[in-house]
Amino acid sequence: LTQTALGLSRDDAGTFLATYVDRDIVQQNPFATIDQVGVGALVRTACAKGRATRPDLKLGICGEHGGDPASVDFFHRAGLDYVSCSAPRLPVARLAAAQAAIRAQAAIRAAEE
């Protein structure tokens with residue numbers, strides 16, 4: 001999704017991505033951390049439209065973003081049900097998912113007060 005939405009090839013990006021970050025064209029590597037404004041809008045739209053049609057629809061993400069704490073937090077807030085990542089990244093992904101769930105519960109409690 002990132003490659004398609006941003007029109008960037010992951011394979012080719014290594015030759016220019018650092019320059020893009022240095023010049024503030026992108027804030028960070030969009031293949032490591034989800035671009036919440038652009039690609040994230042597509043994720044939120046897909047989630048909302050999919051669940052409007054089928055409320056029990058299970059949605060998730062797989063790949064590098066599934067092991068990135070900032071991305072995991074975003075996906076939790078966007079309403080995805082799960083993330084999937086490579087085995088070495090699982091401990092970080094699990095911790096990030098737990099922290100995102102705790103933050104969401106704290107926000108709900110704060111809103112109720």
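A salt bridge is defined here as a side-chain nitrogen of Lys or Arg within 4 Å of a carboxyl oxygen of Asp or Glu. The structure is a predicted model, in which local features need pLDDT of at least 70, side-chain atom pairs count only at pLDDT 80 or more, and totals for chains, interfaces and linings use all residues. Residues are numbered from 1 along each chain as its sequence is written, and side-chain values use heavy atoms, with hydrogens and water left out.

By this rule, five salt bridges are counted. In one of them, the side chains of R51 and D81 meet at 2.6 Å, N to O. R51 belongs to helix α4 and D81 to the loop between α5 and β2, so this pair ties together parts that are 30 residues apart in sequence. Helices (H or I, at least four residues) and strands (E, at least two) are DSSP runs, numbered from the N terminus. D81 is partly exposed, with a relative accessible area of 41%; buried means under 20% relative accessible area, exposed over 50%, and partly exposed in between (1.4 Å probe, protein chains only).

A salt bridge also joins R89 and E64, at 2.4 Å from N to O. R89 lies in the loop between β2 and α6, and E64 in the loop between β1 and α5, so the pair ties together parts that are 25 residues apart in sequence. Both residues are partly exposed, R89 with a relative accessible area of 24% and E64 with 40%.

Helix α5 spans residues 69-78, and its buried residues are S71, V72, D73, F74, F75 and A78. The elements that cover these buried residues by contact (heavy atoms within 4.5 Å) include α4 (39-53), β1 (60-62), β2 (82-84) and α6 (90-112). G79 follows α5 and has a positive phi, near 100°.

Two aromatic pairs are present. Rings of Phe, Tyr and Trp (its six-membered ring) pair if their centres lie within 6.5 Å; planes under 30 degrees apart count as stacked, over 60 as edge-to-face and the rest as tilted. The ring centres of F16 and Y20 are 4.9 Å apart and the planes are at 50°, so the pair is tilted. For F74 and F75, the centres are 5.6 Å apart and the planes at 65°, so the pair is edge-to-face. F74 is buried at 2% relative accessibility, and F75 is buried at 1%.
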